[in-house]
Amino acid sequence: MFIIAPILLLCSAAVAYYFFIWRDDGETLSQHIVSRKEQEKVVDNSTQIHIYYPEDSELKKITIKSKQTFDAIKSTEVALTELFSGKNIPNRSSIPADVKLLGLYYGVDKILYVDVSSELKKNFQGDATAELMLLKSIFETVINNMEAEDVKVLIDSAEAESLGGHFYLRYPLRRTVTQEIVTDGLHKAG
Amino acid sequence: MAKINCLIIILLIALIDVSLADDSSIVVRSSEQSGMIRIVFETENESLISQASVFESYSLVKIDFNEPFNYKGGALLEPVKIYKKEDSLFMNIRNLQKIKFVRLSSPPRLVIDAYLAEQKSPPPVNTVQAETKELRHLVVMFDAGHGGADMGVRGEQFKESLLTLSITSDLAKQIAPKVQKAVLLRKEDVQQSIEQKLTDVGNTRIDAFFSIHLTRQKHFNIYISKMPAYASSKVAKYNTTLAQSAYIERSRALANSVGQAITNGTKLNVVYAEIPLPLLSAIKAPAVMLELPEPQTLSYNAETIDTLAASIIKALMDYAKR
Ligand SMILES: [Zn+2]
């Protein structure tokens with residue numbers, strides 16, 4: 001009986017270590033994004049990174065090249081860092097400023113936990129559509145760079161109820177962001 | 001002797017400290033004269049008054065002191081409410097028409113005279129009362145979007161959370177005489193989680209729900225909740241987060257009526273959308289979210305509030321006739 005407890009503890013620690021690999025392999029993100037001059041040299045062994053970003057009430061896409069990697073989470077990390085830093089995004093007015101990606105954790109349930117700094121919430125100032133588009137951009141950026149069933153956003157490593165006060169962050173994003181938005185155009189006055 | 005000297009020095013430092021701390025204190029008092037309320041902010045600190053800037057937007061007055069201060073409160077008349085946020089005081093005055101302000105010295109003080117709109121005489125009895133008779137049994141709830149630390153859309157001179165608070169309270173006052181009851185979901189500048197709001201809504205029987213927000217766009221947005229394909233009226237009975245499924249057609253009709261009346265009344269455009277808003281999804285009554293254009297596009301004066309209230313009453317009458 002006394003032996004079982006430590007063994008169980010060891011096993012769970014090993015499992016935890018296996019799954020809780022917060023991305024850290026000594027390489028900084030900026031090193032990972034290939035500068036434009038270098039791009040031509042690595043054309044043949046580069047990975048395409050897809051970034052979906054909100055612009056007003058639409059979702060737009062850019063594709064950039066990054067050093068070749070066979071690690072899809074690494075690609076997703078590059079993509080999300082690009083989304084929040086917005087260096088290559090033509091119009092970043094719908095993305096809150098100074099947001100830092102703090103970590104990614106891929107759970108056994110194929111949910112990617114995206115941990116971001118509180119600026120995502122603090123510096124967001126949009127209406128309901130803007131909030132939905134921002135959540136959608138995070139979701140689409142993830143699922144177009146790796147195989148993930150769903151995406152859950154954490155703010156400063158903790159659960160937050162909402163990003164902008166209109167939608168839940170409490171649950172994974174799929175059921176909110178994949179429902180077709182029905183818009184009945186602009187009804188002109190007069 | 002040295003000990004006593006030491007004590008005196010310590011006492012003196014403590015006293016200076018206290019007086020310095022008091023220096024940035026602001027107290028307020030108010031008095032009423034015919035149709036006007038005088039609100040006086042008094043302090044020992046000259047620069048607080050000289051640097052203060054005053055903005056006015058509908059029934060909200062922002063006083064930006066441009067440096068930290070200690071708000072001590074004071075005697076306020078009933079139509080006035082004051083909230084402190086960072087280096088500013090936000091003052092909400094019911095029926096405010098315009099303000100005049102002046103800075104005075106010894107002691108340094110900022111005097112704001114708030115002129116109130118005359119209470120309107122009730123509209124001709126026989127026509128309107130007959131038309132709104134159908135509304136007598138309705139309980140209508142207004143939700144002021146955001147609140148507390150969640151300020152929503154922010155501009156130089158407004159915060160969504162405070163503007164929606166003053167707009168909903170005015171709308172409720174205008175609509176209350178026509179219906180059985182007009183209820184406010186949020187009455188103060190406090191943060192309420194979506195779940196807290198839903199618990200509060202669940203405690204009241206309501207016939208219509210309006211959530212009031214702002215948008216940066218130059219038109220109105222009118223939302224109803226997009227319900228998932230599997231959510232039928234049957235599912236709604238067991239899953240309270242999808243309760244809106246049973247009311248979605250009535251919500252759509254209400255949204256269209258409000259939208260049409262708003263377009264006619266304000267001459268501004270309206271965009272309708274169905275998005276999966278968790279607050280609306282769980283409401284057991286026709287429920288609509290209105291996003292109003294920010295104050296640069298539409299000035300929220302008494303006339304605008306009248307138009308919005310009339311639009312809501314018109315939509316409720318269409319709904320009651322169904
Ligand atoms: Zn809002």
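Residues are numbered from 1 along each chain as its sequence is written, and chains are lettered from A, with ligands numbered from 1, in the order in which they are written. Because the model is predicted, local features need pLDDT of at least 70 and side-chain atom pairs count only at pLDDT 80 or more, while totals for chains, interfaces and linings use all residues; side-chain values use heavy atoms, with hydrogens and water left out.

We begin with chain A. Its secondary structure comes to 7 helices and 6 strands, where helices (H or I, at least four residues) and strands (E, at least two) are DSSP runs numbered from the N terminus. Read from the N terminus on, the elements follow the order α-α-α-β-β-α-β-β-α-α-β-α-β. Chain A has 190 residues, of which 46% count as buried. Here, buried means under 20% relative accessible area, exposed means over 50%, and partly exposed lies in between (1.4 Å probe, protein chains only). A contact means heavy atoms within 4.5 Å. Among contacts in chain A between residues at least 6 apart in sequence, 63% join residues at least 24 apart.

Ser75(A) belongs to helix 4 (residues 72-85) of chain A. Ser75(A) counts as buried because its relative accessibility is 5%. If residues up to four places away in sequence are not counted, Ser75(A) touches Thr47(A), Ile49(A), Thr69(A) and Asn145(A). Lys110(A) is found in the loop between strand 3 (101-106) and strand 4 (111-116) of chain A. With a relative accessibility of 35%, Lys110(A) counts as partly exposed. The phi angle of Lys110(A) is near 65°, a positive value in a residue other than glycine.

We turn now to chain B and one of its sheets. In chain B, 5 strands form an open sheet in the order 5-1-2-9-8, with mixed pairing; two strands pair if DSSP finds at least two bridges between them. Strand 5 (70-75) and strand 8 of chain B stand at the edges and have a single partner strand each, so one side of each is left without a neighbour in the sheet. On average, neighbouring strands of this sheet are turned by 20° against each other, direction ignored. For such angles, axes are lines fitted to C-alpha atoms, for helices over the stretch in contact, and angles run from 0 to 180 degrees between N-to-C directions.

Strand 8 and strand 9 of chain B run antiparallel and are joined by 8 bridges. As an example, Lys100(B) has Asp113(B) in strand 9 of chain B as its bridge partner. The loop between strand 8 (96-104) and strand 9 (109-116) of chain B holds Pro107(B), and Ser106(B) lies in the loop between these strands as well. The peptide bond from Ser106(B) to Pro107(B) is cis, with omega near -10°. Ser106(B) also has a positive phi of about 35°, although it is not a glycine. At 67% relative accessibility, Ser106(B) counts as exposed.

Another part of chain B involves strand 15. In strand 15 of chain B, 7 of the 7 residues are buried, so this strand is largely enclosed by the rest of the structure. Strand 12 of chain B pairs with strand 15 of chain B in the parallel sense over 7 bridges, and the bridge partner of Leu214(B) in strand 15 is Leu292(B). Strand 13 of chain B pairs with strand 15 in the antiparallel sense over 3 bridges; there, Ile222(B) stands opposite Leu290(B) in strand 15.

Finally, we consider how the chains meet. In the interface, 35 residues of chain B are in contact with 29 residues of chain A. The area buried between the chains is about 2,600 Å², of which carbon and sulfur atoms give 52%; buried area is the accessible area (1.4 Å probe) that two parts lose on being put together, summed over both. The count between chain B and chain A is 1 salt bridge, defined as a side-chain nitrogen of Lys or Arg within 4 Å of a carboxyl oxygen of Asp or Glu. Glu195(B) forms a salt bridge with Arg170(A), and the closest N and O atoms are 3.6 Å apart. Helix 5 (194-202), strand 12 (208-215), strand 13 (220-225), strand 14 (270-275) and strand 15 (287-293) of chain B each supply at least two residues of the side of chain B that touches chain A. The largest share of that side, 6 residues, comes from strand 14 of chain B.
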